[in-house]
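Student: I have a model open and would like to walk through it with you. Could we take it question by question?

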Amino acid sequence: MPEADLYPLVRSWIEAEFPLVRNGPRQETQRRVLITANLDWIDGGVWMRPDLALIHVHRRRFEPIPTLDLYTIEVKPAGTRALPGLHQTLAQGRIGDFVVFIMPHEAGPGPELIAQARRFGVGLVTFTDPELWSSYQLIVPPERTNPDPDLRDQFLSKALEAEGHTAEVLSWLGLEPRT
């Protein structure tokens, strides 16, 4: 299956079952998943274009304001070398609070890939059937990165504008759109 055909399937799984969001201890939670593989937002940034982006706005009980976490997600099809995909995902830590690499299980998350994912804090998810949500398995949970706030804001602005969700996400944060 071509990589682009995986995007809507992975998007559906993230919207419904993504364990890092679904099982969290949050009081309020909103999320939006965008397909961003073709988003033209940075010059020369081929590795800075995540395939998908999960925007998760949440508030914990004792936090006075909502928090926005950006998960950047790289998806690779069967027949793709896994280690370069992991490093491509790692590069997205410049914009994402969490970076996640999703690949078919048959491509083999071998010991070296798992070790590198843990070493760099890259989330690693495999699936056996992209249409079967129960086949997705979180192998390595992602660790929080320290993204460049200006690049992150630039990416979010372009991605949300392209999909028409800017006002929605700003409202989740208790903000009004600028005119």
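**Salt bridges, cores and a helix**

Tutor: Happy to! A network of salt bridges joins Glu3, Glu74 and Lys76. Keep in mind that this model is predicted.

Student: How many salt bridges does a search of the whole structure find?

Tutor: Side chains of opposite charge can pair when their charged atoms come close. Here the cut-off is a Lys or Arg side-chain nitrogen within 4 Å of a carboxyl oxygen of Asp or Glu. Searching the whole structure on that basis, the count of salt bridges is seven.

Student: Which residue meets the side chain of Glu15 in a salt bridge?

Tutor: Glu15 is partly exposed, since its relative accessible area is 35%. The N to O distance is 3.4 Å, and the partner is Arg11.

Student: What span should helix 1 have, and what do its end C-alpha atoms give?

Tutor: Helix 1 covers residues 3-17, which makes 15 residues at 1.5 Å each.

Student: Which element gives the largest share of the largest nonpolar core?

Tutor: That core has 20 residues, and Ile14, Phe18, Leu54, Tyr71, Ile73, Val75 and Ile102 touch the most other members. At least two residues each come from helix 1, strand 2, strand 3, strand 4 and strand 5. The largest share is five residues, and it comes from helix 1.

Student: Is Asp69 buried or exposed?

Tutor: Asp69, in strand 3, pairs with Arg144 in the loop between strand 6 and helix 5. The closest N and O atoms of this salt bridge are 3.0 Å apart. Arg144 is partly exposed at 48% relative accessible area. Asp69 has a value of 1%, which is under the 20% cut-off, so Asp69 is buried.

Student: What separates the C-alpha atoms of Pro66 and Trp172?

Tutor: Pro66 lies in the loop between strand 2 and strand 3. Among the residues Pro66 touches, beyond those up to four places away in sequence, are Trp172 and Leu173. Pro66 and Trp172 are 106 residues apart along the chain, yet their C-alpha atoms are separated by 7.7 Å.

How values were computed
Residues numbered from 1 in each chain as written. Predicted model: local features only at pLDDT ≥ 70, side-chain atom pairs only at ≥ 80, totals over all residues. Heavy atoms only, no water. Helix = DSSP H or I, 4+ residues; strand = E, 2+ residues; numbered from the N terminus. Expected span 1.5 Å × (residues − 1). Contact = heavy atoms within 4.5 Å. Core = buried A, V, L, I, M, F, W, Y, C linked by side-chain atoms within 4.5 Å. Buried < 20%, exposed > 50% of the residue type's maximum accessible area, 1.4 Å probe, protein only.
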